[in-house]
Amino acid sequence: MSSTQSLGTATEVVKAATRRPSRIGRMIRRPLPAMGAVLLLILISVSIGAPWITAQDPFDMNVVDRLQPPNETYFFGTDAFGRDIFTRTLYGGRVSLIIGVSVAVTSTVIGLIIGIIAGYFRMADAILMRIMDGLMAIPGILLAIGLMSLTRASIWVVIIAITIPEVPRVVRLVRSVVLTVREQVYIQAAGAIGTRFPRLMLKHILPNTFAPLIVQATYIAASAVLIESYLSFLGVGTPPEIPSWGNIIAEGRLYVQIAFWNILFPSIFLALMVLSINILGDGLRDMLDPRLARRI
Amino acid sequence: MKTFFKKAVALASLTMALSSMAEAQVPAATRANTLKVVVHANLQILDPVWTTAFITGRHSYLIYDTLYAANSRFEPKPQMAEGHEISADGLVYRIRLREGLRFHDGTPVRAQDAVASLRRWMARDVMGQQMAAVTASVETVDDRSFEIRLKERWGMVLDALAKPSNPAFIMPERVAQTPPTTQVTDTTGSGPFIFVREEWRPGNRVMYRRNPDYVPRQEPADYLSGGKRALVERVEWLYIPDQNTALAALNSGEIDYFEAPPLDFIASLQRNRNIRIVDIDALGTAGLIRPNHLYPPFNDARARQALAHLVRQEDFMRVVVGNPALYSKFCGSFFMCGSGNGTEVGSEPFREPNVERARQLFREAGYNGEPIVVLQPTDRPQYNAATMVLVQAMRRAGLNVDVQAMDWSTLLSRRASRNNPYQGGYHIFLTTHGGPTTALPPSNTWFNTRCDRANPGWACDEKLVELVADWSRESDAATRRPILETIHRRAWEVIPYVPYGQYTQPVAVRANVHGVLAAGIPVYWNIEKR
Amino acid sequence: MGNYVARRIFATIPVMGVVAIIVFLMLRLSPGDPAAIIAGDHATSDEIAEIREHLGLDRPLLEQFIRWLGQLVSGDFGVSIYMEQPVLGLILERVEPTLALAISTMIFAIALAVPLGVIAAWRAGSWVDQTIMALSVLAFSVPVFLIGYGLVMGFSLALELLPVQGFVSISEDPIGFLQHILLPTVALGLVYTALLARITRATMLETLNEDYIRTARAKGLAEPRVLILHALKNASVPIVTTIGTGLALLIGGVVVTESVFAVPGIGRLTIDAVLQRDYPVIQGVILVIAGVYVLVNLAIDLTYSLLDPRIRY
């Protein structure tokens with residue numbers, strides 16, 4: 001039975017040929033982003049639910065049990081201080097999540113504000129963009145290291161130190177959207193009938209920034225989790241008391257030859273989280289606006 | 001296509017020819033006879049008077065020589081000196097230099113050089129300053145001898161000159177005349193090795209070559225004294241901050257000598273037949289907890305005793321060291337267990353932790369739950385680990401602890417601050433010391449209880465200062481002993497600091513490296529590669 | 001065109017100025033004190049104060065900044081507080097390993113990423129594409145130091161093929177140079193490759209949808225010719241841009257890689273300097289790196305007209 005029998009007129013043929021699958025449908029049919037989202041959800045819930053999953057205290061040092069391989073009491077083994085790696089890995093997820101989300105949100109919000117100002121007001125644009133260019137010229141890690149050394153280590157300092165180098169990219173993105181939208185006829189028309197800037201911004205400009213911003217935010221979150229691990233690896237990251245995956249890996253890296261479980265498990269979790277966020281970002285990008293696939 | 005291949009082959013063979021030519025420039029024999037050492041820190045400052053950094057001290061032992069040096073019984077033995085005469089009243093020391101001593105530039109070593117070097121050293125070094133306080137003058141007598149004239153009897157002159165850490169290294173007069181507040185840049189010395197400045201890559205590599213004109217003493221090498229025979233052509237120091245990389249390099253044979261292998265790895269290194277673990281430091285390292293004597297609660301001796309009652313040394317050692325072969329379960333001496341002064345009297349109540357007593361003493365001292373600020377250096381693994389053990393012990397005892405993590409450089413400036421702990425000051429920090437310098441009451445810098453002139457922490461106890469001065473005045477071991485025990489008992493009441501354990505840091509060498517001296521610190525004479 | 005070049009060069013000055021201000025403020029406001037570190041473990045507060053004065057650290061901030069700027073303009077990047085050697089000299093000594101690593105990583109990444117990206121775009125949607133993209137995401141999700149350790153354990157310790165650490169200058173020993181640079185290059189290069197491959201694929205996808213590609217294919221041109229001569233050439237602008245902006249990412253990665261493989265480059269110099277508050281060195285390094293970044297991007301901007309004749313100034 002030929003499929004053409006079920007098709008009638010030429011219009012219907014053309015319609016059938018050009019019917020685009022729904023956005024969600026497209027996403028579900030590509031397994032990778034869906035898996036990414038699921039994986040991320042699992043990691044998030046496991047991290048948030050850490051206190052209920054494990055009864056042990058991530059700070060508790062049982063000196064006698066140090067550097068033990070995985071066993072019934074310590075599922076992932078213990079580190080050089082006798083602390084349970086399983087517990088620390090789960091709690092570490094919280095820290096990595098907090099850092100990832102905070103950096104993403106903060107840099108997006110700040111970048112949005114600056115980007116809109118730069119895109120809309122010519123005068124501010126020149127100055128702001130020079131500052132952004134200057135910031136971008138300094139490699140993020142060096143800037144973060146420098147900022148970290150400004151004050152005592154704490155999660156807030158880490159968040160700020162990672163946020164600042166990420167802001168310029170968001171600003172550029174927002175600014176380019178604003179510049180494009182601004183030239184549209186309907187914006188000029190709205191301006192002609194007397195629409196004031198705040199309303200213009202809220203109703204017309206902002207909505208256009210959402211899609212690229214969300215995608216960018218996911219990439220920033222993934223990058224932030226990674227950068228935190230680099231900072232901890234170099235010794236200038238989260239305070240060592242607080243378990244973050246980067247910290248646990250940094251502390252355990254010395255023992256990679258005699259007690260590799262120290263870094264194996266947090267590494268897997270770290271890689272999985274970054275991976276799932278990245279995959280989610282890809283999926284979001286494809287879903288929200290395929291044209292972005294080429295721009296980002 | 002064919003021509004392309006031909007060209008590629010020609011280029012490849014040319015490259016290989018060039019590379020083998022390049023390799024040939026460094027004679028094969030020399031390359032084989034280079035001792036490659038991984039050092040524990042980056043050599044940045046070349047002046048041993050200007051800084052007390054260990055790495056600079058070790059650099060100095062390679063290129064300089066000293067008037068006297070300590071032997072394995074920590075007795076001062078002549079090194080550059082031929083001998084000395086002490087006047088009957090004990091106030092004049094006349095020291096004569098050996099014959100044939102030359103600096104690396106060929107000029108002979110004269111008394112003038114020794115005097116200038118001594119003067120510069122006495123201006124900065126802790127023990128040098130103590131000597132300066134009792135010295136009237138240091139003057140040359142002739143080209144080969146000079147005199148130290150004291151104002152009062154002081155039995156430590158030769159010990160000071162033979163001090164293993166930060167001794168008075170002898171530099172040429174013109175170099176030693178640099179003010180003590182400025183670094184010297186001229187590295188001319190008279191030691192068994194010569195610093196090869198052209199090959200120095202700060203942060204990566206330091207190169208030394210054998211001094212062919214060095215005349216070692218006849219006696220066999222014994223600790224830091226005796227004949228310093230340089231048996232390798234070159235010594236190359238590599239700074240590899242990543243310990244995994246350094247271990248891997250030792251395992252693969254890329255380096256010959258690892259100064260400070262991580263203690264947890266000693267056991268597995270011992271199992272490797274290509275590697276030997278050598279204990280070069282009989283006395284070892286002692287950890288100490290330094291409370292700030294300026295502010296409550298630790299301005300009250302009871303609070304300091306309480307702190308001592310919380311410490312289980314074995315816990316600290318387990319975490320900091322790991323391998324039980326490298327530490328003792330408890331060392332209650334302020335002057336290094338195993339040394340001549342290693343008495344433990346007065347430490348009995350503190351052998352086992354006593355949390356109840358600690359709580360009681362804290363209450364008596366007026367502690368009411370205020371936060372105790374503890375400084376934690378995150379980039380110094382051993383100090384970091386010890387701090388964490390202390391904090392846990394304090395918290396388990398119910399104390400309110402505010403741990404502030406920072407890097408070592410920040411900690412160094414923080415601990416020098418006399419401010420209130422809540423305004424940029426602190427209550428507690430941890431550090432280490434060790435070796436024979438710690439074993440002597442007057443040279444043990446952290447033991448110094450001269451209040452304002454003491455080290456950060458500012459331990460303050462006049463009685464202890466008097467007792468130490470009494471001890472220094474005596475030179476006879478029999479008279480010194482009872483004074484020492486009095487000092488020690490008082491120390492455990494006053495608690496200038498709380499010892500948290502004593503351990504050794506062995507070095508790891510490839511099996512073909514022989515002659516590693518037990519000199520307390522890594523020294524590179526007497527070593528050969530076979 | 002000349003006008004454009006001049007304008008672009010001129011525009012870099014305020015950027016560098018901003019960098020200078022950021023760097024200077026960042027360091028002078030930090031609490032760690034180099035004087036305390038230099039004075040050593042056993043120094044008294046008086047000695048520390050003396051050293052501060054000697055180094056000029058007690059002068060007002062503005063005065064320090066102006067003095068520093070003046071020195072910069074005359075090419076004097078100052079003297080390291082610790083080593084009492086000129087900063088510029090220190091940087092130049094250590095620039096070779098970093099430069100070698102950065103260049104070899106870029107070559108590695110471009111050589112690997114561009115073909116992969118082209119192939120992925122060409123076979124968009126197929127398992128080849130999905131695999132390449134999946135591997136890319138994996139490559140930039142795993143921290144560089146883990147890749148580094150994995151490579152060392154595998155190639156150096158287990159197989160004993162390559163050295164664990166260090167750097168050999170190409171002028172000293174070309175074979176040794178290659179041996180020592182290979183592992184660090186691969187460790188860092190994988191991340192960069194992933195990024196570049198994604199961008200290449202994205203731009204190629206867009207280009208391949210253009211009409212002129214369909215025309216070229218319809219004309220009967222061989223596929224490789226179509227892909228490279230037509231599509232890639234036109235897609236090159238964003239790819240080259242990414243190479244330029246990715247340089248900042250690369251330098252960040254170089255810092256970590258140098259740490260793992262004990263390569264004596266600028267990265268390690270910076271970290272040590274930061275941990276010790278050696279202000280002149282930190283400032284000098286960041287300025288130099290930022291300067292290089294700005295220059296590279298300037299060069300890239302200026303070469304656009306070569307790549308895409310539609311871009312005219």
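Biologist: Let's start with chain C. At what angle do helix α5 (residues 87-122) and helix α6 (residues 127-139) of chain C pack, and how far apart are their axes?

Modeller: Keep in mind that this is a predicted model. Here α5 and α6 of chain C pack at about 140 degrees, with the axes 8 Å apart. Angles over 145 count as roughly antiparallel, and this pair is therefore called oblique. As for handedness, α5(C) and α6(C) cross in a left-handed way.

Biologist: Which residues meet there?

Modeller: On the α5(C) side you have C:L116, C:I119 and C:A120, and they meet C:V128, C:D129, C:I132 and C:M133 of α6(C). Sorted by class, that contact has six nonpolar residues, no polar ones and one charged.

Biologist: Now chain B. How are helix α16 (residues 462-473) and helix α17 (residues 477-494) packed?

Modeller: Their angle is about 160 degrees and their axes lie 9 Å apart. That is over the 145 cut-off, so α16(B) is roughly antiparallel to α17(B). The crossing of these two is left-handed.

Biologist: And what makes up the contact between α16(B) and α17(B)?

Modeller: From α16(B) come B:K463, B:L464, B:L467, B:V468, B:D470 and B:W471. The α17(B) residues include B:R480, B:I483, B:L484 and B:R490. Split by class, the contact of α16(B) with α17(B) has nine nonpolar, one polar and four charged residues.

Biologist: Over to chain A, then. How do the axes of helix α11 (residues 245-252) and helix α12 (residues 261-288) of chain A cross?

Modeller: They come within 9 Å and cross at roughly 155 degrees, which makes α11(A) roughly antiparallel to α12(A). The crossing is left-handed here. In α11(A), the residues A:W245, A:I248, A:I249 and A:G252 meet a set in α12(A) that includes A:P266 and A:F269.

Biologist: What about the interface of chains A and B: how many residues does each chain put into the contact?

Modeller: Chain B gives 20 residues and chain A gives 16. To find the chain B side, look at α8 (243-252), α11 (313-320), α13 (381-396) and β15 (401-406) of chain B, each of which supplies at least two residues. Mind the labels, though: the α11 on this side belongs to chain B, while the α11 we paired with α12 belongs to chain A.

Biologist: How do the chain B residues that touch chain A divide by class?

Modeller: Eight are nonpolar, seven polar and five charged.

Technical notes
Residues are numbered from 1 along each chain as its sequence is written. Chains are lettered from A and ligands numbered from 1 in the order in which they are written. This is a predicted model: local features need pLDDT of at least 70, side-chain atom pairs count only at pLDDT 80 or more; totals for chains, interfaces and linings use all residues. Axes are lines fitted to C-alpha atoms, for helices over the stretch in contact, and angles run from 0 to 180 degrees between N-to-C directions. Helices (H or I, at least four residues) and strands (E, at least two) are DSSP runs, numbered from the N terminus. Angles under 35 degrees count as roughly parallel, over 145 as roughly antiparallel, 65 to 115 as roughly perpendicular and the rest as oblique. A crossing is left-handed if the near helix is turned anticlockwise from the far one by less than a right angle, and right-handed if clockwise. Two residues are in contact if their C-beta atoms, placed from the backbone, lie within 7 Å. Ala, Val, Leu, Ile, Met, Phe, Trp, Tyr, Cys and Pro count as nonpolar, Asp, Glu, Lys and Arg as charged, and the others, Gly among them, as polar.
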